[in-house]
Amino acid sequence: MTEGPNPLPFDSFMNPGLGKYSKAYKESIETPEKFYEGAAWILDWYSKWDSVLDKSNEPYYKWFVNGKLNVCYNAVDRHANGNRRNKAAYIWVDEKGNEKIVTYRGLYKRVNALARALREMGIRKGDRIAIYMPMIIEEPVAMLAAARIGAVFTLIFSGFGAEAIAERINDCGARLVITADGGYRRGKIVPLKESVDRALELTKTVETVIVVKHTGSEINVVEGRDYWYHDVVQDKELVEPERMDSNDPLFILYTSGTTGKPKGVVHGNGGYAVWIANTLKWAFDPQENDRWWCAADIGWITGHSYIVFAPLILGLTSILYEGSFDYPTPDQIWKLIAYYEADILYTSPTAIRALMKYGDEYPKSHNLSSLRVLGTVGEPINPVAWEWYYEKIGSSQCPIIDTYWQTETGGFVISPAIGIGVAPLKPGSATLPLPGIDPVIMDQDGKELPAGEKGFLVIRKPWPGLMIGLNNDDEKYRSMYFGKFKNMYFTGDYAIKDKDGYYWLLGRADEVLKVSGHRIGTIEVEDALLSTGIVAEAGVFGKPHQVKGESIVSFVVLKSGTTSESPVDTIKNGVRHNFGPILIPDEIHIVGSLPKTRSGKIMRRIIKAVYQDQIPGDITTLESGASVEEIKEAIEKFRKELKMANDQ
Ligand code: WTA
């Protein structure tokens, strides 16, 4: 790193040393303009902004107004043309141990070649493109090439199926798709191109498909539409990066909310890039020669921000792994850490719990002494998992950076920050807000709650990483995020602030589940169940799961006349085929009817309460829009249903 705070000795992280943090935090809240003026120079700008923040069109905030930059330039060119040209940007490895190392100069060449090809295919600034790929080098290359020419990309997680892809392409109007013939998962090939082919039957906007040859599997090639990646990137000249406005969109990432259809969260160029680069420095304090391993999938925000953009902007070396942590053997992840001498590991509590279950002998048999900092993300981490991670993986030497954030927040918002001061850690707490973040715990009526009381986590002031909007959905942007508490950002999470000012995240306050750290909407799963053709009605909810955090439970009513011999298998296969494996419920219970209000709304919470045998005394809070009588009736009827289903 060229500048920035001096690193603290790494063994001092348990001792309070909050001086720098307190100063930065105070400045960020009291004089944000001054604070962000400094923070923004983590990037190179073509021309400086006129003002740091424009709030005139609340709740749409404009950061670094009229500032001009290119995120790809910041992530690639400035390193490729400077001292880091021969430094590894990515060390890519797969389950079989195949390895590919790409330097910053190599990345620059690849990104330019693809950017030129995209241009030649008619893609211009502001056009939308979709990316659906395995975890290979070409995935960040595709994102960076889009950013270079100002095309707005939407990257679709490879665990989604054809209908989910089509839904996203249709919402954003993508003109081009970049994919691969397939990807590998636990030794098997996942036929990605096949899913794209099926998705394109349901869409009208896509003119071109670029396919990376990765697995070598046979694919269907549509003349005039489908092109091999290796053919289109041949002998390409460099492409000048577009001068993007700070508030132009960079990408759209679809995420689950309280309604069925995923929402397209739009992130901008300037504010987003400033936020992710700074937060990575603050939270993890990465060093120039570190090997950073953010072991997430690029398909989620964690991968967008902390596998691709932030580490590249900082000029770091990342490990990029295509595979599972416990395949081919349960110690795969520890083997890779030992072999590649990773300095920082950033993963999910689910992964930690799953690995913990295999037993201590697996990490013990590998030399993990290169690790200096450990991180987690995506769901609350239970203290037992925290301690195991801390003791067995970090040898009680590495701080655990429990980062709390969301797709919408762009980057971390509450997290320990060893780059700017060190608070004592508390296992299970994401600790303190990062500079610029002004959280508050509120009750239903917008009253601030005192320390120790559970309420909604709300952020009072805007910060640069906040999304710039929802694609095609102004109404939802306003009502879901800024409607509950006027012009304050509603996270949708429950939390408690303790007497030391530490935040404890307590899970979602809405219809969103966190399954293995993945964000899944209950209604999205219901739609997927209905899509199978044999389900007439479905009710879905989450239940606590020891490893995955939450698992998906569903109750379904079959369509009359369904003849399938094993309807549960038919449903599972249907969901996998249409929407992808990620939305398959862990439990599928078939019943004759589901409790509904008179207006026909399925009473999801009643199903859950009866299933969990936990009907609270005051049932009126269970379901809005239904009378007490109606609820009682529904409970009784559903109890019988459940009994019949269990007896079968
Ligand atoms: C949850 C993932 C507790 C939370 C980056 C949030 C967490 C949702 C943590 C966003 C954490 C994320 N502790 N809960 N450290 N990090 N969450 O959009 O419920 O996939 O609202 O972004 O994950 O999920 P998303």
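**Ligand contacts and ring pairs**

Modeller: A polar contact here is a pair of N or O atoms within 3.5 Å. Mind that this is a predicted model, where local features need pLDDT of at least 70, side-chain atom pairs count only at pLDDT 80 or more, and totals for chains, interfaces and linings use all residues. Residues are numbered from 1 along each chain as its sequence is written, and side-chain values use heavy atoms, with hydrogens and water left out.

Colleague: How far is the polar side-chain atom of Asp-493 from an oxygen atom of the ligand?

Modeller: Asp-493 is listed among the closest of the 17 residues around the ligand, where a residue counts if one of its heavy atoms lies within 4 Å. Arg-519 is in that list too, and a side-chain N or O atom of Arg-519 is 2.7 Å from a ligand oxygen. For Asp-493 the distance is 2.5 Å.

Colleague: How much of the ligand's accessible area does the protein cover?

Modeller: On its own, the ligand has 520 Å² of accessible area, by the Shrake-Rupley method with a 1.4 Å probe. The shell around it divides into six nonpolar, five polar and six charged residues; Asp, Glu, Lys and Arg count as charged, Ala, Val, Leu, Ile, Met, Phe, Trp, Tyr, Cys and Pro as nonpolar, and the others, Gly among them, as polar.

Colleague: Is the pair of Phe-251 and Tyr-272 stacked or edge-to-face?

Modeller: Rings of Phe, Tyr and Trp (its six-membered ring) pair if their centres lie within 6.5 Å, and planes under 30 degrees apart are stacked, over 60 edge-to-face, the rest tilted. A search of the whole structure turns up 49 such pairs. In this one the centres are 5.2 Å apart with 85° between the planes, so it's edge-to-face.

Colleague: Which parts does that pair tie together?

Modeller: Both Phe-251 and Tyr-272 are buried, meaning under 20% relative accessible area (1.4 Å probe, protein chains only). Helices (H or I, at least four residues) and strands (E, at least two) are DSSP runs, numbered from the N terminus. The pair ties together parts 21 residues apart in sequence: strand S14 (residues 249-255) and helix H9 (residues 270-284).

Colleague: Which ring has the charged end of Lys-213 over it?

Modeller: The criterion is NZ of Lys or CZ of Arg within 6 Å of the ring centre and within 35 degrees of the ring normal. Lys-213 is 4.4 Å from the centre, and the ring is that of Trp-228.

Definitions and conventions
Buried means under 20% relative accessible area, exposed over 50%, partly exposed in between (1.4 Å probe, protein chains only). A polar contact is a pair of N or O atoms within 3.5 Å; within protein, one must be able to donate a hydrogen and the other to accept it, and residues adjacent in sequence count only if both atoms are side-chain atoms.
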